[in-house]
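Hello,

Here is the structure I promised to pass on. My notes follow below it.

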Amino acid sequence: MPRKPQALVGALVLLTGLGLAGGALKIPGEAGYGGVGPNFLPWVVATVLTVCGILIVREAFTGGFRDMEEPSGGDRGWWPGLVWVSAGMLANAALITTIGFILSCTLCYMLAVQGLRRAQGQATTTGSLLADLVTGLALSAPVFWMFTKFLAINLPGITASGWI
């Protein structure tokens, strides 16, 4: 007997993969640099999602996810954590053109991690805020430079030089 929630998740993943495959059919496939066309990555994602969906549905029909451990955490979601993460994402969207990619992504990271820390009951200290700030900068700056300098994709920056 299939476990309905698991079969539903598998079916949704499968349908998502098939939907992406349908969209990939509409992307032209002329080979670009290195023989890879613009439709390569959508086909990879569509294929992986379709295979995962099939495997999840098969698992649901052959007994479900066997030997699963009980999930950790509380019985319910911790809504303040969702608010922290959402605030980070909304702040990023609102501020990216004003303060630039690096600073807005750093702020998003710091707020999201604070929400996750608080959800796990960790105390918030000045040191943890500073560590989250430094880590956010360490992640967002190389991403910005890679996209703008190596891939020639324009992201909002603070200065006209394009380095910040």
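**The core and what surrounds it**

The largest nonpolar core has 5 residues in all: Phe 101, Ile 102, Cys 105, Ala 141 and Phe 144. A nonpolar core here is a set of buried Ala, Val, Leu, Ile, Met, Phe, Trp, Tyr and Cys residues joined through side-chain atoms within 4.5 Å. Buried means under 20% relative accessible area, exposed over 50%, and partly exposed in between, with a 1.4 Å probe and protein chains only. H4 and H5 each supply at least two residues of this core. The largest share, 3 residues, comes from H4.

Before you read on, two points on the source. This is a predicted model, in which local features need pLDDT of at least 70 and side-chain atom pairs count only at pLDDT 80 or more, while totals for chains, interfaces and linings use all residues. Residues are numbered from 1 along each chain as its sequence is written, and side-chain values use heavy atoms, with hydrogens and water left out.

Now the rings. The structure holds 1 aromatic pair. Phe 101 and Phe 144 form it, stacked, at 6.0 Å centre to centre with 25° between the planes. Phe 101 lies in helix H4 (residues 101–119) and Phe 144 in helix H5 (residues 126–150), so the pair ties together parts 43 residues apart in sequence. For the cut-offs: rings of Phe, Tyr and Trp (its six-membered ring) pair if their centres lie within 6.5 Å; planes under 30 degrees apart count as stacked, over 60 as edge-to-face and the rest as tilted. Both Phe 101 and Phe 144 are buried.

Phe 101 also has other partners. Not counting residues up to four places away in sequence, Phe 101 touches Ile 96, Ser 140, Val 143, Phe 144, Leu 155 and Pro 156. Contact means heavy atoms within 4.5 Å.

Next, the chain as a whole. The protein chain has 5 helices and 0 strands. Helices (H or I, at least four residues) and strands (E, at least two) are DSSP runs, numbered from the N terminus. Of the 164 residues, 24% are buried. Among contacts between residues at least 6 apart in sequence, 56% join residues at least 24 apart.

One more residue to look at: Glu 59, in helix H2 (residues 40–61). Is Glu 59 buried or exposed? Glu 59 counts as buried because its relative accessibility is 17%. Leaving aside neighbours within four places in sequence, Glu 59 is in contact with Gly 64, Phe 65 and Arg 66.

Best wishes
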